[in-house]
Amino acid sequence: MESMSVMASDMGYDPRAGKTRDEIEGTTQEDRARDLGMMSEQLKNRSMEVFFEVGEEENLIYPYADKVDFNKRTELDCEGKPTTQVNKDIRALMEEGYGTIVLKNPRGMHSVGVGILNKLNLIIEGSIGYFGVGLIDGPNVRIKGRVGWSCAENMMSGTVLIEKNAGSTFGAAMRGGDLVCRGSVGSRTGIDQKGGTIIVGGDTGAFSGFMMQRGRMIVCGNAGKNLGDSMYDGTIYVGGEVQDYGVDAVQAEMTDLDKAWLTRKLTQYDLLPEKGVDHFTKIVAGKMLWNYDNLEPNEKKLIL
Amino acid sequence: MAGTQYRGSEILDVDQFLKDKDGLASEREKEIGQHIGYRYDVNLVPDYTRMTPFLTKYVEEMGWDDLNWLEDVHMGYEEGKPAVFDRNINGWVRVPDSIALPDNQQDRDMIARELLIKFQMSDRHPLVQLREAYRKY
């Protein structure tokens with residue numbers, strides 16, 4: 001099999017010089033960081049080369065991830081447990097190989113299901129509070145109730161499906177994956193979104209897509225005031241009415257590729273309108289705010 | 001008009017950044033000597049008819065119906081060489097010269113996605129060692 005070279009810049013160490021697990025566990029965290037060349041003074045003007053062979057192995061999950069089986073199912077009752085304990089229990093079950101975990105009686109618990117960095121089917125039977133399933137990387141989460149503010153904040157990958165409504169800052173700073181709410185959501189949906197897809201079956205509130213940088217947002221219903229305000233990049237598709245557009249959000253032409261992708265995505269979550277996707281409006285950044293600095297006084301006047 | 005001339009990220013040709021590694025297209029870019037924006041179209045949605053068998057297998061393993069987070073992964077260009085950005089190490093992973101580049105961005109994106117997954121799932125990935133050093137649990 002052909003050997004492949006990969007270079008990633010400015011990392012400052014060679015991982016092949018790593019220690020064995022026993023050696024690592026026998027040192028302090030500071031020593032480990034120093035051994036790996038992670039001290040800041042060593043990071044300047046250095047680069048790293050990692051060589052790996054494409055065919056050497058075919059892992060489909062992170063090497064350090066637990067080997068879980070979707071067919072191995074269990075239930076976890078949240079009744080009377082603090083959030084930290086519930087989150088620890090989820091991890092312990094994943095270590096045992098459970099790939100499908102059903103959370104019972106969440107009762108609006110905050111910060112539940114956060115930081116899951118593995119494939120997993122997590123089914124939450126009820127509603128959850130603030131910051132639910134944030135910082136996740138891989139799991140498929142289904143929430144049968146409502147969610148509070150900042151659901152799936154900083155989500156990296158995976159799917160999150162909410163059956164009812166969601167609060168404000170839905171998918172804030174999201175980086176990847178699919179975040180779906182069958183109902184309506186509050187204001188500032190996808191604020192600072194950096195990737196991934198947010199799908200809203202109903203309406204979305206004011207300032208949705210505020211400072212959006214990348215990714216896609218689909219709103220099947222109506223959008224509130226200042227849609228896409230100060231967006232730098234990314235795409236918003238709206239099926240209903242837009243109350244008004246924010247600074248630098250402009251309409252763009254829907255392509256056949258857009259329509260095919262929209263149809264596919266909405267069909268996946270059973271949200272495709274009967275009349276299809278032809279009526280959707282596509283909104284992108286006008287890019288007037290790019291490179292906004294003191295060298296551009298005329299632009300400042302134009303925007304402010 | 002102020003603003004519009006600064007875009008600089010309009011992709012006119014699939015080989016644009018291979019032929020011209022500096023890619024200084026606008027007056028603003030020439031003034032500051034730096035390319036503004038991405039070297040690929042971040043808003044390009046994937047053409048699912050071009051999925052590779054490896055990517056299909058990965059998606060099945062994760063229990064997804066589509067490319068999920070990989071929809072945001074595109075082949076970019078660093079110093080005139082094809083590369084894919086790895087968000088987990090905040091660096092570019094270069095595509096070896098031995099891999100022939102297709103003549104369209106959609107197929108190039110699929111190659112980039114496959115390469116990135118193979119790299120991230122390898123035990124040679126820097127995140128493996130970072131985790132050893134810094135993990136909390």
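I started with chain B, where the C-alpha centres of domain 1 and domain 2 lie 25 Å apart. The model is a predicted one, so I kept in mind that local features need pLDDT of at least 70, side-chain atom pairs count only at pLDDT 80 or more, and totals for chains, interfaces and linings use all residues. Residues are numbered from 1 along each chain as its sequence is written, and chains are lettered from A in the order in which they are written.

I looked up the bounds: domain 1 of chain B is 1-37 and domain 2 is 46-134, taken from an automatic or database domain assignment. Next I checked contacts (C-beta atoms, placed from the backbone, within 7 Å). In chain B, 4 residues of domain 1 are in contact with 6 residues of domain 2.

Then I moved to chain A and helix 3, residues 83-95; helices here are DSSP runs of H or I, at least four residues, and strands are E runs of at least two, numbered from the N terminus. Helix 3 of chain A reaches 19 Å from its first C-alpha to its last, close to the 18 Å expected (1.5 Å times one less than its number of residues).

Which residues of helix 3 of chain A are buried? I found A:Ile90, A:Leu93 and A:Met94. Buried takes 20 or more other C-beta atoms within 10 Å of a residue's own, exposed 12 or fewer, with C-beta atoms placed from the backbone. On the other side of the helix, A:Thr84, A:Gln85, A:Ala92 and A:Glu95 are exposed. The buried residues pack against strand 3 (69-77) and strand 4 (98-104) of chain A.

Note on methods
Contact = placed C-beta atoms within 7 Å.
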